[in-house]
Amino acid sequence: MIQQSAPRATLNHVHIPPPTIPTTWRAIIAAEPRIAQVVDSARPRGRRRNRLLAYESAKRQLDRLVGWHARHPGLRTSDHWDVVISRLIQAARV
């Protein structure tokens with residue numbers, strides 16, 4: 001007769017999804033206020049400000065705050081990225 005061993009304890013890995021953040025400008029900046037500061041920094045100041053350089057600089061900074069590489073898990077979607085980049089384009093006037 002074969003003896004059965006006692007069931008082994010296993011760890012249940014529970015995936016907790018990130019909080020859902022609506023894809024609105026207000027909801028996004030409520031979750032990560034630095035996004036608004038970066039977008040504002042791209043606004044033209046004076047006549048000689050190079051808008052394209054300001055846009056590119058802000059876009060690099062936003063890469064760490066929204067989209068696939070965001071620090072906040074709830075902002076790691078292309079929809080959030082699209083909302084923020086649209087606002088950046090308007091602000092930088094490019």
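Predicted model: local features only at pLDDT ≥ 70, side-chain atom pairs only at ≥ 80, totals over all residues.
Leu52, Ile89 and Val94 make up a nonpolar patch on the surface, and together they have about 250 Å² of accessible area. Is Leu52 buried or exposed? Its relative accessibility is 53%, and a residue is called exposed at over 50%, so Leu52 counts as exposed.

In soluble globular proteins, nonpolar side chains tend to be buried together. Here, the largest nonpolar core has 20 residues. Which of them touch the most other members? They are Ile35, Val39, Leu62, Val66, Leu75, Val84 and Leu88. The elements that each supply two or more residues to this core are α1, α2, α3 (51-62) and α4 (78-92). Of these, α4 gives the most, with 5 residues.

Leaving aside residues up to four places away in sequence, Ile35 touches Trp25, Ile28, Ile29, Leu62, Leu65, Val66, Leu75 and Val84.

Our last stop is Glu32. Where does Glu32 sit? Its place is in the loop between α1 (25-31) and α2 (34-41). Glu32 has a relative accessible area of 8%, and buried means under 20%, so Glu32 is buried. What does the side chain of Glu32 meet there? A polar contact of 2.8 Å links it to the side chain of Arg34. Again leaving aside residues up to four places away in sequence, Glu32 touches Leu65 and Leu75. Finally, look for Val66: Glu32 and Val66 are 34 residues apart in sequence, while their C-alpha atoms are 8.5 Å apart in space.

Definitions and conventions:
Residues numbered from 1 in each chain as written. Heavy atoms only, no water. Helix = DSSP H or I, 4+ residues; strand = E, 2+ residues; numbered from the N terminus. Buried < 20%, exposed > 50% of the residue type's maximum accessible area, 1.4 Å probe, protein only. Polar contact = N/O pair within 3.5 Å; in protein donor to acceptor, adjacent residues only side chain to side chain. Contact = heavy atoms within 4.5 Å. Core = buried A, V, L, I, M, F, W, Y, C linked by side-chain atoms within 4.5 Å. Patch = residues over 30% accessible without salt bridge, like charges linked within 9 Å, V, L, I, M, F, W, Y side chains within 5 Å. Areas by Shrake-Rupley, 256 points an atom, 1.4 Å probe, with all protein chains shown as cover. Salt bridge = Lys/Arg side-chain N within 4 Å of Asp/Glu carboxyl O.
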